[in-house]
Amino acid sequence: MEKKVKLKIRKGDLVKVIAGDSKGSQGKIVEVLVDKNRAIVEGANMVSKHTKPNAANPNGGIVKQEAAIHISNLMLVDPKTGNTTRVGRQKNEAGKLVRVAKKSGEEIK
């Protein structure tokens with residue numbers, strides 16, 4: 001049985017790719033695939049997909065689209081400084097557990 005891991009990134013977060021072919025590119029997370037520990041990042045890890053003709057694309061052909069990247073190759077961008085940072089969890093004034101940037105201590109929305 002596989003151990004369930006708490007993911008530190010969510011849909012809509014701004015992340016930077018720190019490893020792989022798309023290293024250095026930044027983008028928002030479009031989708032998080034929790035069961036596979038992967039995420040799809042806007043404009044990163046582009047692959048060519050061959051498509052058959054259909055109603056949306058009558059000629060078919062080759063379409064560029066984003067492929068999933070393992071979350072270990074992604075790092076959150078600090079909302080305050082714009083640099084990459086690790087993610088911590090902390091209770092705020094209301095007593096709710098929130099994500100915080102380790103470098104600046106800023107709460108991540």
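1. Valine 41 sits in strand β3. Its relative accessible area is 0%, so it is buried. This is a predicted model, and every value in this note is computed from it.

2. Six strands make up an open sheet, and the pairing is antiparallel. The order across the sheet is β6-β3-β2-β1-β7-β8. The edges are β6 (68-70) and β8 (84-85). Each has a single partner strand, so one side of each is left without a neighbour in the sheet.

3. Now the pairing of β3 with β6. Strand β3 covers residues 38-41. Three bridges link β3 to β6, in the antiparallel sense. Isoleucine 40 has alanine 68 of β6 as a bridge partner.

4. Four antiparallel bridges join β2 and β3. Here glutamate 31 stands opposite isoleucine 40 of β3.

5. Four residues lie between the two strands. Asparagine 37 is in this loop. Its phi is near 55°, a positive value in a residue other than glycine. Is asparagine 37 buried, partly exposed or exposed? Its relative accessible area is 21%, so asparagine 37 counts as partly exposed. The cut-off for buried is under 20%.

6. Asparagine 45 is a second residue to check. Asparagine 45 lies in the loop between β3 and β4 (46-51). Phi of asparagine 45 is near 55°, again positive in a residue other than glycine. With a relative accessible area of 23%, asparagine 45 is partly exposed.

7. On to β1. Strand β1 (residues 14-17) runs antiparallel to strand β2 (residues 26-33), and three bridges join them. Lysine 16 is opposite glutamine 26 of β2. Valine 17 is also in β1. At 2% relative accessibility, valine 17 is buried.

8. Which residues form salt bridges? The count comes to two. In one, aspartate 13 pairs with arginine 99, and the closest N and O atoms are 2.8 Å apart. Aspartate 13 is in the segment before β1 and arginine 99 is in strand β10, so the pair ties together parts that are 86 residues apart in sequence. Aspartate 13 is buried, at 6% relative accessibility. Arginine 99 is buried too, with a relative accessible area of 7%.

9. The other salt bridge involves lysine 109 and glutamate 107. Their side chains meet at 3.5 Å, N to O. Lysine 109 is exposed, with a relative accessible area of 78%. Glutamate 107 has a relative accessible area of 30% and counts as partly exposed. In general, side chains of opposite charge can pair when their charged atoms come close.

10. Last, surface charge. Which residues form the positive surface patch? They are Lys6, Lys8, Arg10, Arg86, Arg89, Lys96, Lys102 and Lys103. Lysine 102 is in the segment after β10 (97-101). At 51% relative accessibility, lysine 102 is exposed. The cut-off for exposed is over 50%.

Terms used: Residues are numbered from 1 along each chain as its sequence is written. This is a predicted model: local features need pLDDT of at least 70, side-chain atom pairs count only at pLDDT 80 or more; totals for chains, interfaces and linings use all residues. Side-chain values use heavy atoms; hydrogens and water are left out. Patches are made of residues with over 30% relative accessible area and no salt bridge: like charges are joined within 9 Å, nonpolar side chains (Val, Leu, Ile, Met, Phe, Trp, Tyr) within 5 Å. Accessible areas come from the Shrake-Rupley method with a 1.4 Å probe; for residues, only the protein chains shown count as cover. A salt bridge is a side-chain nitrogen of Lys or Arg within 4 Å of a carboxyl oxygen of Asp or Glu. Lys and Arg count as positive and Asp and Glu as negative; His and the chain ends are not counted. The place of a charge is taken as NZ of Lys, CZ of Arg, CG of Asp or CD of Glu. Buried means under 20% relative accessible area, exposed over 50%, partly exposed in between (1.4 Å probe, protein chains only). Two strands pair if DSSP finds at least two bridges between them.
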